[in-house]
Amino acid sequence: MRILYLGDIVGEATIEILKKHLDSIKKEWRINLVLCNAENVTKGKGLAFKHYKELKSLGIAGMSMGNHTFSKSEIKDYLEDATICIPANINTDLGKKVLYINYNNQIIALVNMLGRVFLNTPLNCPFQTMDKLLAEIKADYIIVDFHGEATSEKKAFFYDYAGKVSAIVGTHTHVQTADAQVYNNTCYISDIGMCGPKDSILGDDIESVITRFKTGVFEPLSVANGPDYLLEGVILDLGKENKIESFRKVL
Ligand SMILES: [Fe+2]
Ligand SMILES: [Fe+2]
């Protein structure tokens, strides 16, 4: 099974880019299933229902989130029926901690986990949470989106769960790393990158981020405008032998 996992989708304009190009990308790369991180879709933070529906209509089978899961509070109203998994180590009963996706009678369990290093969010331990989930999950493949800042935390998680899950893909930094690898048949990359405006700072408008760093004046950030868009992620080939390759396209 060939899965395209797209990195954090930043801004509504990126949905329009996906509308134009996703079908041809799926054909060219012979993709069976598309997954994505959707924490930055609506104005760069969170996921409004309207945009969730638009991503669904593109055929995206499952979405993971991150530290911006609840940035648009309307997500609480539609989360229950949505094909979204929220970070499993957030201490809430809302939403799904495991999203089960059926593809040709093969079951994929999608899990989202938040790192605790440099992320100012009260969270349960990702390792203890994963242990509990592994005791419950029944699936052919398990994919974890580890949404974290520190590569050390992501790699520790990777080596701890290598051989126990099919793939661990890092998200959150919006910068794709060059360390895609397989160990004990578990695919791994520290960060799959982002889908959003290419000339930007992690998707946000360049000038306002520079102003923040130079002056400490916190202007509200806005998503940068194109014209060029970056689509980044990974392609996972899951089967007897799991494989991973990074995916990057400028449109
Ligand atoms: Fe993000
Ligand atoms: Fe994030």
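This is a predicted model: local features need pLDDT of at least 70, side-chain atom pairs count only at pLDDT 80 or more; totals for chains, interfaces and linings use all residues.
**Backbone features**

Asparagine 184 is another non-glycine residue with a positive phi, near 50°. It belongs to the loop between strand E10 (181–183) and E11, and it is partly exposed, with 13 other C-beta atoms within 10 Å. The peptide bond between glycine 226 and proline 227 is cis, with omega about 5°. Proline 227 is located in the loop between helix H6 (206–215) and strand E13 (229–237).

| Residue | Other C-beta atoms within 10 Å | Class |
|---|---|---|
| Asparagine 184 | 13 | partly exposed |
| Lysine 155 | 16 | partly exposed |
| Aspartate 191 | 27 | buried |

**The six-stranded sheet**

An open sheet of six strands is ordered E6-E7-E8-E9-E11-E10, and its pairing is mixed. Strand E6 (98–103) and E10 form the edges, each pairing on one side only. From one strand to the next, the twist averages 25°. E10 and E11 are antiparallel and share three bridges; tyrosine 183 has threonine 186 of E11 as its bridge partner. Two helices pack on this sheet. H4 touches E6 and E7, and its direction makes about 160° with that of E7. H5 touches E8, E9 and E11, with its direction at about 175° to that of E9.

**Helix H5**

Which residues of helix H5 (residues 151–161) are buried? They are Glu153, Lys154, Phe157, Phe158 and Tyr161. These residues lie on the same side of H5, because they cover an arc of only 140° around the axis. Their packing partners are helix H4 (126–136), strand E8 (141–147), strand E9 (167–171) and E11. Lysine 155 is also found in H5, but it counts as partly exposed, with 16 C-beta neighbours inside 10 Å. Lysine 155 and tyrosine 188 are 33 residues apart along the chain, and their C-alpha atoms are separated by 8.6 Å.

**Aspartate 191**

Aspartate 191 lies in the loop between strand E11 (186–189) and strand E12 (194–197). Why does aspartate 191 count as buried? It has 27 other C-beta atoms within 10 Å, and the class requires 20 or more, so this loop residue is buried. Beyond its neighbours within four places in sequence, aspartate 191 is in contact with Gly170, Thr171, Thr173, Val175, Gln176 and Thr177. Its C-alpha is 9.9 Å from that of glutamate 232, a residue 41 positions away in sequence.

In soluble globular proteins, nonpolar side chains tend to be buried together. Here the largest nonpolar core contains 68 residues, and Tyr5, Cys36, Ile168 and Val234 have the most contacts inside it. Strand E7 (residues 106–114) supplies the largest share of this core, six residues. Setting aside residues up to four places away in sequence, cysteine 36 touches Tyr5, Leu6, Ile9, Leu55, Ile60 and Met63.

Note on methods
Residues are numbered from 1 along each chain as its sequence is written. Chains are lettered from A and ligands numbered from 1 in the order in which they are written. Helices (H or I, at least four residues) and strands (E, at least two) are DSSP runs, numbered from the N terminus. A residue is buried if 20 or more other C-beta atoms lie within 10 Å of its own, exposed if 12 or fewer, and partly exposed in between; C-beta atoms are placed from the backbone. Two residues are in contact if their C-beta atoms, placed from the backbone, lie within 7 Å. The arc is that of the directions from the helix axis to the C-beta atoms. A nonpolar core is a set of buried Ala, Val, Leu, Ile, Met, Phe, Trp, Tyr and Cys residues joined through C-beta atoms within 7 Å. Two strands pair if DSSP finds at least two bridges between them. Axes are lines fitted to C-alpha atoms, for helices over the stretch in contact, and angles run from 0 to 180 degrees between N-to-C directions.
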